[in-house]
Amino acid sequence: MACGLCHALSYSDAYASPRTRERARRASTQFIILHTTEGEAKPSLRKLSKNGEAHYCVDRDGKVYRIVERSRVAYHCGVSMWRGRRNLDDVSIGIEVVGYHDRALTSRQYVALRELVLTLQKIYGIKDANVMPHAQVAYGTPNRWHPRSHRGRKRCGMGYAVPAVRRLLGLEERWLVDPDVRAKRLVVGDVYLSQVLYAKNGEQLLPYKVPRSTAAAAERVVASAGPRTYVIKKGQTAWDVARDAYNAPSTTYVFPDGRRLPGDKVRDWEGLVVGTKVILGDADAAGSPVQTLAKGSHPRRLIGEAVFAPDTWYIRPTGGSVQGSRLTERSLAAMPPGTKILVGYAKGGPVTSRRLPAQICPTQWDAPDTFYLIPGQPLRPSGEIDMRRVPPGTVVFYRN
Ligand SMILES: [Zn+2]
């Protein structure tokens, strides 16, 4: 569908590690350590799998390879320390991302990594600050250049410590100082790295730019679970915020002086001021998986041969849903304008007092691309639903 960035995680076990069964189970999980493979996908995946050196690896297209089973120890940190605790492999999950410490990731990687990290944070109760790059926790023992144990053995994944990148990953808090250097357990062995990790302007010190469009794309995924109002920030354009819906009549611009204009009436796109609110109209506006049938149009023009698929759903403007496979050519052609169409969806429910959305679709009930049809109301994305009060009779559409 239109929005290639909005899919849920896609996993593969093609490189599941044969080492998993010989590894101990972790007694506790306190950190998520992020790496860059410093090599291309195939050779990296083969090595990670063979040696059991990560729990996950995120490829350039966002696909997530499961390597070592996540409850067991993977060897990804090497010589490592944080707040005096050594060997972080025993208390951490390791995620490799195909790429290099001095280059940006792809948009899909940022989005997939964000989803994966968030999922693991929920499972293990890990706070944002403890999602850290390998470079931040690795250290070197004394050698000919460094008479003392020192931070800076690696620059692996260093960009993940930078606020602009962390925002893409949905992470807020970060460490502002190196606790092991402060406690004199280690000395700084790489001044540049320590600036990247702890400076306010770490983004400017990176040898690459964090692409703004990537930022907007990732932020939209983040925001799609919550309110659909965005504020234009410094350096952002209307397109960064609203994408293809920037000039749609259903998109409303509210200027700082209170003036409101629909997207199709705005003329001065370059002059949009910081602080202007952008309210995306309906679910269609932001590249959502919902299509709306226009007057005089035929569903086939919108979704092609998926018109009769069992995982295509038609939601009539008057309420009620019909499965594609139940339609005939005639009933298809008679779909009224305003009908919403979902492709690639399963229908769950109805919600009852004993069967709540989380029981109907345990992994997707609050996904941004899950939709709710409450009796007598239009189809709404999960982010607009008050989950404490979902009326009985509501049905849930989630990605198949
Ligand atoms: Zn690493």
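Start by selecting the zinc ion: its protein donors are H35 (ND1), H134 (ND1) and C156 (SG), at 2.1 to 2.3 Å from the metal. Donors here are N, O and S atoms within 2.8 Å of the metal (3.2 Å for Na, K and Ca), and since water is not among the atoms, sites may look incomplete. You are looking at a predicted model, in which local features need pLDDT of at least 70 and side-chain atom pairs count only at pLDDT 80 or more, while totals for chains, interfaces and linings use all residues. Residues are numbered from 1 along each chain as its sequence is written, and side-chain values use heavy atoms, with hydrogens and water left out.

Now trace the chain through the site, where the donors follow the spacing H-x98-H-x21-C. H35 sits in strand β2 (residues 31-36) and C156 in the loop between β10 (150-151) and α4 (163-168), so this pair ties together parts that are 121 residues apart in sequence. Helices (H or I, at least four residues) and strands (E, at least two) are DSSP runs, numbered from the N terminus. Colour by accessibility and you will find both H35 and C156 buried, that is, under 20% relative accessible area, with exposed over 50% and partly exposed in between (1.4 Å probe, protein chains only).

Next, select the open sheet of four strands, which runs β16-β19-β17-β18 with antiparallel pairing. Its edge strands are β16 and β18 (321-323), each pairing on one side only. Two strands pair if DSSP finds at least two bridges between them.

Zoom in on β19 (residues 340-343): K340 and L342 point one way, I341 and V343 the other, and all are buried. β19 pairs with β16 (residues 290-292) over three bridges and with β17 (residues 312-315) over four. Pick K340 to see a residue with partners on two strands: it is the bridge partner of T292 and also of I315. L342 stands opposite V290.

Finally, where is there empty space? Rolling a probe the size of a water molecule over the atoms shows where it is left. The whole structure holds three cavities of 30 Å³ or more. A cavity is a set of points on a 1 Å grid over the protein atoms alone where a 1.4 Å probe fits but cannot get out, and lining residues have an atom within 4 Å of a point. Of its 13 lining residues, R103, L105, G159, Y160 and Y208 are the closest to its centre.

Note on methods: 1 Å grid on protein atoms, 1.4 Å probe; cavity = no way out; pocket = protein on both sides within 12 Å on 5 of 7 lines; lining within 4 Å. Points joined across faces, edges and corners; volume = space filled by probe spheres on them.
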